[in-house]
Amino acid sequence: MPRYCVKCGKKESSEEPLINGYCIDCFLKYRGLLKETPVLKILVCSKCGSWRYHGRWLHPMALEDIIRRYILDISGHYVNSGVEILEVEEVHGFHRVNRNFHEAIAKVSALLGDSTIITRPIIVRFKITKSMCPRCLRKAGKVFNAIVQIRSSRGRLTEDEKQYVRKVLNEPSIADDIVDVEENKNGINIKMVTPVLARKLAALISHEKGAKVIETFKIRKYDPSRGKKEGITTLSVRLPDLERGDIVEYKGSISIIDEVKDSRIKITDLESGESHSVPISEYWDGKLVKAREYIDEKDYLVIASDPSTIYLMDETTGEIREYPRLVSLNNVKEGDKMKGYVIRNNLYIVKQKGEQNYAEKEKEERF
């Protein structure tokens, strides 16, 4: 049995089904998308710009995005029966309507009935209230729940390591949570509001610099009503004492470090000339160690070479030494600066730091 629009009498068709007894034109004219104008109450932190949503404080967003999220989330409360808001394509036309409220125009895509999709503007009214979120209140009161302690295996941080840490602390997602930063002779201590972001900071340094992280927790009080322990989370972040050019022992062989990056150590064996990529865990497990018991020999200059011999001059005394040109020294040329190390009565020759391809080497039995 055919049906007809209750207002204009238009007959229903498969292309244009009735919506609650109305054709599309009459539905939009007499009913519209909305039962009432949406009124949004938006609470924003005056300090950091985060906003409160369903009892939670969320990261700062543009006002257009906040309104869009509210429209999509609570549209069921103010749209007419037979209407579903699918998307908010644009929010614009902001203006004040009175002392407390502003209005904006939102361009929305809506589903009418079961199959008709239209795009229409709707008016949204909103009120913005400013307060301070709990995190900013704690920061203002110097209240912290986590400490990140940056240290080094050598007992002190180098200036490069300090600069790296300062750069990381400037990351917005990290900086907003920092209560205080203290530098001392041992390292850097960072007091933070939330343990979650403190762990994020520690994990970032561990990933980029191969640091070892140890977490401890000290209880301050226990809340029996929530069954929750409150206290200070401490993350000890220890940087490895490894740099490009350091001499290390690994699996019984002497090597030189070519690079330390992304939790891996690239080394070159001074005997075989083979390169290896070693996980930083090998250092923390004691399988890769710095060769500390070597005699830092002298600085040499390559003054000449032939297919079988390299001629080195001690730059301090002028003494000339001859070394056989091993396969691993094929790239050594006149003018290169070399450094000699004696380890377990063996002499190892490498290019000095700052020299290109400094990992070329020679080993000969010490006389």
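**Salt bridges and surroundings in a predicted model**

Q: In this predicted model, what is the N to O distance in the salt bridge between lysine 290 and aspartate 246?
A: The side chains of lysine 290 and aspartate 246 meet in a salt bridge. Lysine 290 sits in strand S16 and aspartate 246 in the loop between S11 and S12, so this pair ties together parts that are 44 residues apart in sequence. The N to O distance is 3.3 Å.

Q: Is aspartate 241 buried or exposed?
A: Let's start with its partner: aspartate 241 forms a salt bridge with lysine 290, at 3.5 Å from N to O. Aspartate 241 has a relative accessible area of 6%, and the cut-off for buried is under 20%. Aspartate 241 is therefore buried.

Q: Which residue forms a salt bridge with arginine 125?
A: Arginine 125 lies in strand S6 (residues 116-131), and the pair ties together parts that are 22 residues apart in sequence. The distance from N to O is 2.7 Å.

Q: What separation do the C-alpha atoms of leucine 111 and valine 83 have?
A: Leucine 111 belongs to strand S5 (residues 102-112), and its contacts include Val83 and Ile117. Along the chain, leucine 111 and valine 83 are 28 residues apart. Their C-alpha atoms are separated by 5.7 Å.

Q: Which residues gather in a patch of negative charge on the surface?
A: One member, glutamate 171, lies in the loop between helix H4 (159-169) and helix H5 (172-175). Glutamate 171 is partly exposed, with a relative accessible area of 39%. The patch gathers Glu171, Glu208, Glu259 and Asp262.

Terms used:
Residues numbered from 1 in each chain as written. Predicted model: local features only at pLDDT ≥ 70, side-chain atom pairs only at ≥ 80, totals over all residues. Heavy atoms only, no water. Patch = residues over 30% accessible without salt bridge, like charges linked within 9 Å, V, L, I, M, F, W, Y side chains within 5 Å. Areas by Shrake-Rupley, 256 points an atom, 1.4 Å probe, with all protein chains shown as cover. Salt bridge = Lys/Arg side-chain N within 4 Å of Asp/Glu carboxyl O. Lys, Arg positive; Asp, Glu negative; His and termini not counted. Charge placed at Lys NZ, Arg CZ, Asp CG, Glu CD. Helix = DSSP H or I, 4+ residues; strand = E, 2+ residues; numbered from the N terminus. Buried < 20%, exposed > 50% of the residue type's maximum accessible area, 1.4 Å probe, protein only. Contact = heavy atoms within 4.5 Å. Lists of a residue's contacts leave out its neighbours within four places in sequence.
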